[in-house]
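Work through the exercises below with the sequence and the model in view. Try each task before reading its solution.

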Amino acid sequence: MSEAVKPIKKAKYINPYLGGILLGLVLIAANFVSGRGLGASGAAKSVVVATVNSVSPGHAEKALFFREYNESHPDGPMKAWLVFQMLGVIVGAFLSGAIFKRLKFKVEHSPKITSKRRIIFAVMGGILFGFGSQLGRGCTSGSALSGMGVLSLGGFISMAFIFGTAFALAWFFRKNWI
Amino acid sequence: MGPLIVSDIITQNTNFFLAFLIGIGFGFVLESSGFSSSRKLAGMFYGYDTVVLKVFFTAAIVAMLGLLFMSLFNWIDLDMVYVNPTYLWSTIVGGIIMGAGFIVGGFCPGTSFCAAAIGKIDALFFIGGIFLGIFIFTEAYPLLEGFYKGSFRGTPTLPEALGLKDGVVVLGIIIVALGMFWAGEWAEKKFPRKEY
């Protein structure tokens, strides 16, 4: 033990099984109250549609995706369950970060890579996840977790292919993480 | 009695307000479990931190069991609960693309918002990527529409697809999950990494 080593301040996370039980109860509450599961990517889609509707209304009228979406959402893209839920997620995560003293601006990355490399990969990962979540009708929360909660076959397929692919590709991206 | 919105026990505006409260619970649990850290999330795929597995499957089991019991007690009508439809091939290919996004970017959409909420700058860039990825999908939609809407298989549940009772399948999932928790605990001891 060298004296120069500063004591590492351990991030105090709650027990993962307790976290899982609480998350399960939140998912039950969503189904009991609103008859639906949790989600995330759907709110991001609402933001994209709202942006295109206001920045380029001509394009929103012409392009097939926006035509379909706006016809099936007469109240507008932002008046959606998931939008309100995601606003809550941001507040809830901020509260947890404040209580457990984790509020800090930083780029988190392995010491073996630079911040720049981390950010480039974060953008690429986001693009893939954004695109994939539309094709797959929901992300890890909306399709995999919430789907599994109501025993949906599609939810299990989603879960298997999201986690299976990440495992299969892990070796190629190991430098970024370990 | 449940779901409350379907039974007209609450109004649409109350439903949105409750969505906000449910979201607070969702975000709080994710962040306090460590899902605001990409290296903790990615640990799942290298065995050094399997918190994702533990939280995700515990939550799924609790929800399955809870909803089954609530349905048994007539507290909730599961026929009125949204069951994700199964579009076989778009779900598979979407899942593969999302899995690649997970290992490349270290987040999924929900966790990236949690991480950004506590100041992770890489998460903000991931969120920017999500918007861009969705926009690419919307622009490519005319090309993708056939694939996206094809191979529709209805809204089957896993027990229906297997021809088994709900309770039997849930019991099987619980047993599999316990096995995975055991493997996860083993992996964390075998591939230790220091806290970051």
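A residue is called buried when its relative accessible area is under 20%, exposed when it is over 50%, and partly exposed in between, using a 1.4 Å probe and the protein chains only. The model is predicted, so local features need pLDDT of at least 70 and side-chain atom pairs pLDDT 80 or more, while totals for chains, interfaces and linings use all residues. Residues are numbered from 1 along each chain as its sequence is written, chains are lettered from A in the order in which they are written, and side-chain values use heavy atoms, without hydrogens and water.

**Exercise 1.** Classify B:Tyr87 and B:Phe152 by their accessibility, and then describe the pair that their rings form.

Solution. Begin with accessibility: B:Tyr87 has a relative accessible area of 17%, so this residue is buried, whereas B:Phe152, at 45%, counts as partly exposed. Next comes the rule for rings of Phe, Tyr and Trp (its six-membered ring), which pair if their centres lie within 6.5 Å, with planes under 30 degrees apart counted as stacked, over 60 as edge-to-face and the rest as tilted. The centres of B:Tyr87 and B:Phe152 are 4.7 Å apart and the planes stand at 40 degrees, so the pair is tilted. Finally, B:Tyr87 belongs to the loop between H3 and H4 of chain B and B:Phe152 to the loop between H6 and H7, so the pair ties together parts 65 residues apart in sequence. Helices here are DSSP runs (H or I, at least four residues), numbered from the N terminus.

**Exercise 2.** Which residues does B:Gly154 touch, not counting residues up to four places away in sequence?

Solution. First locate B:Gly154, which lies in the loop between H6 and helix H7 (158-162) of chain B. With contact taken as heavy atoms within 4.5 Å, B:Gly154 touches B:Pro85 and B:Thr86.

**Exercise 3.** Decide whether helix H5 (residues 109-117) of chain B is mostly covered or mostly uncovered, and find what its buried residues pack against.

Solution. Eight of the nine residues of H5(B) are buried, and the helix is therefore mostly covered; among them are B:Phe113 and B:Cys114. These buried residues pack against H2 (41-55), H5 (81-99) and H6 (115-135) of chain A, together with H1 (12-32), H2 (38-42) and H6 (121-149) of chain B. After H5(B) comes B:Gly119, whose phi is positive, near 105 degrees.

Conventions. Helix = DSSP H or I, 4+ residues; strand = E, 2+ residues; numbered from the N terminus.
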